[in-house]
Amino acid sequence: MKHETTYIDGVGDAEGWDTGINYLSWSQKYNFTVGDVLDFNYVKSQHNAYEVTEDTYRSCDGSKGVVNKYESGQDKVTLTEEKKYWFICNVSGHCLGGMKVGIEVTAAAVANNGGAPGGAASNPAGVPPGDSGVGSGLYDPYQ
Ligand SMILES: [Cu+2]
């Protein structure tokens with residue numbers, strides 16, 4: 001019911017999508033859930049962001065296994081499925097140089113774990129000992 005979108009400010013944070021960044025350590029800082037948006041920021045035409053298969057992620061061979069191509073330089077990619085996403089830069093040599101990231105997306109969090117709503121849920125049938133049952137049944141406060 002409650003659906004929140006988390007905007008990830010630039011893949012790799014301040015440095016954006018570029019060579020020479022450890023995206024593994026970046027991705028491990030987050031728990032990605034369905035509805036999150038990855039924001040690839042880079043200089044258009046100097047890089048790109050291809051969503052690829054795991055095989056292509058590992059081989060860096062972007063001649064096959066490309067699922068989606070993002071090339072605008074301001075690519076917002078909504079993670080719509082509960083799966084592993086794999087992205088590489090398909091500019092020659094960049095993926096092999098580490099410009100690649102794997103993102104594991106889990107189901108959207110169920111907004112229900114912080115603080116059970118008081119005693120109401122924990123004691124649904126609970127008639128508080130003593131006066132409550134008696135009071136509501138027999139005592140008329142408006143009398
Ligand atoms: Cu690149």
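**Figure 1. Alternating side chains along strand β7 in the predicted model.** In this predicted model, the side chains of β7 alternate between two faces. Val101, Ile103 and Val105 point to one face and are buried.

Figure 2. Five strands form an open sheet in the order β1-β7-β6-β3-β4, and the pairing is mixed. The edge strands are β1 and β4 (66-70), each of which pairs on one side only. Strands of a sheet pair through backbone hydrogen bonds, either parallel or antiparallel. Strand β1 (residues 32-33) runs parallel to β7, and two bridges join them; the bridge partner of Thr33 in β7 is Thr106. Strands β6 and β7 pair in the antiparallel sense over five bridges, and here Tyr85 has Ile103 of β7 as its bridge partner. Antiparallel pairing over four bridges is also found between β3 and β4. Ala49 stands opposite Tyr70 in β4.

**Figure 3. The nonpolar cores.** Which residues of the largest nonpolar core touch the most other members? Of its 19 residues, they are Trp17, Leu38, Phe40, Phe87 and Ile103. The elements that give two or more residues to this core are α1 (23-27), β2 (37-41), β6 (84-88) and β7 (100-106). The largest share, three residues, comes from β7. Another core, of seven residues, lies apart from the largest one and includes Tyr50, Val52, Cys60 and Ile88.

**Figure 4. The copper site.** Four residues coordinate the copper ion at 1.9 to 2.7 Å: His47 through ND1, Cys89 through SG, His94 through ND1 and Met99 through SD. Why is the arrangement of the donor atoms tetrahedral? The four donor atoms subtend angles of 93 to 130 degrees around the copper ion, and four donors count as tetrahedral if all angles lie between 85 and 135 degrees. Ideal angles for four tetrahedral donors are 109.5 degrees. Along the chain, the donors of the copper ion follow the spacing H-x41-C-x4-H-x4-M. His47 lies in the loop between β2 and β3 (49-52), and Cys89 lies in the loop between β6 and β7, so the pair ties together parts that are 42 residues apart in sequence. Both His47 and Cys89 are buried.

**Figure 5. Two residues with positive phi.** Most residues other than glycine have a negative phi. Ser45 is not a glycine, yet its phi is positive, at about 80 degrees. This residue, Ser45, is placed in the loop between β2 and β3. Ser45 is exposed, with a relative accessible area of 66%. Cys60 is likewise not a glycine and has a positive phi of about 60 degrees. The place of Cys60 is in the loop between α2 (54-59) and β4. Is Cys60 buried or exposed? At 14% relative accessibility, Cys60 counts as buried, because the limit for a buried residue is under 20%.

**Figure 6. The whole chain.** The secondary structure comprises four helices and seven strands, which follow the pattern α-β-β-β-α-β-β-β-β-α-α along the sequence. Of the 143 residues in the chain, 31% are buried. Among contacts between residues at least 6 apart in sequence, 66% join residues at least 24 apart. The chain exposes about 9,200 Å², and carbon and sulfur atoms supply 50% of this area.

Technical notes
Residues numbered from 1 in each chain as written. Predicted model: local features only at pLDDT ≥ 70, side-chain atom pairs only at ≥ 80, totals over all residues. Heavy atoms only, no water. Core = buried A, V, L, I, M, F, W, Y, C linked by side-chain atoms within 4.5 Å. Buried < 20%, exposed > 50% of the residue type's maximum accessible area, 1.4 Å probe, protein only. Donors = N, O, S within 2.8 Å, 3.2 Å for Na, K, Ca; no water. Tetrahedral: all angles 85-135°; square planar, octahedral: opposite > 155°, others 65-115°. Pairing = 2+ DSSP bridges. Contact = heavy atoms within 4.5 Å. Areas by Shrake-Rupley, 256 points an atom, 1.4 Å probe, with all protein chains shown as cover.
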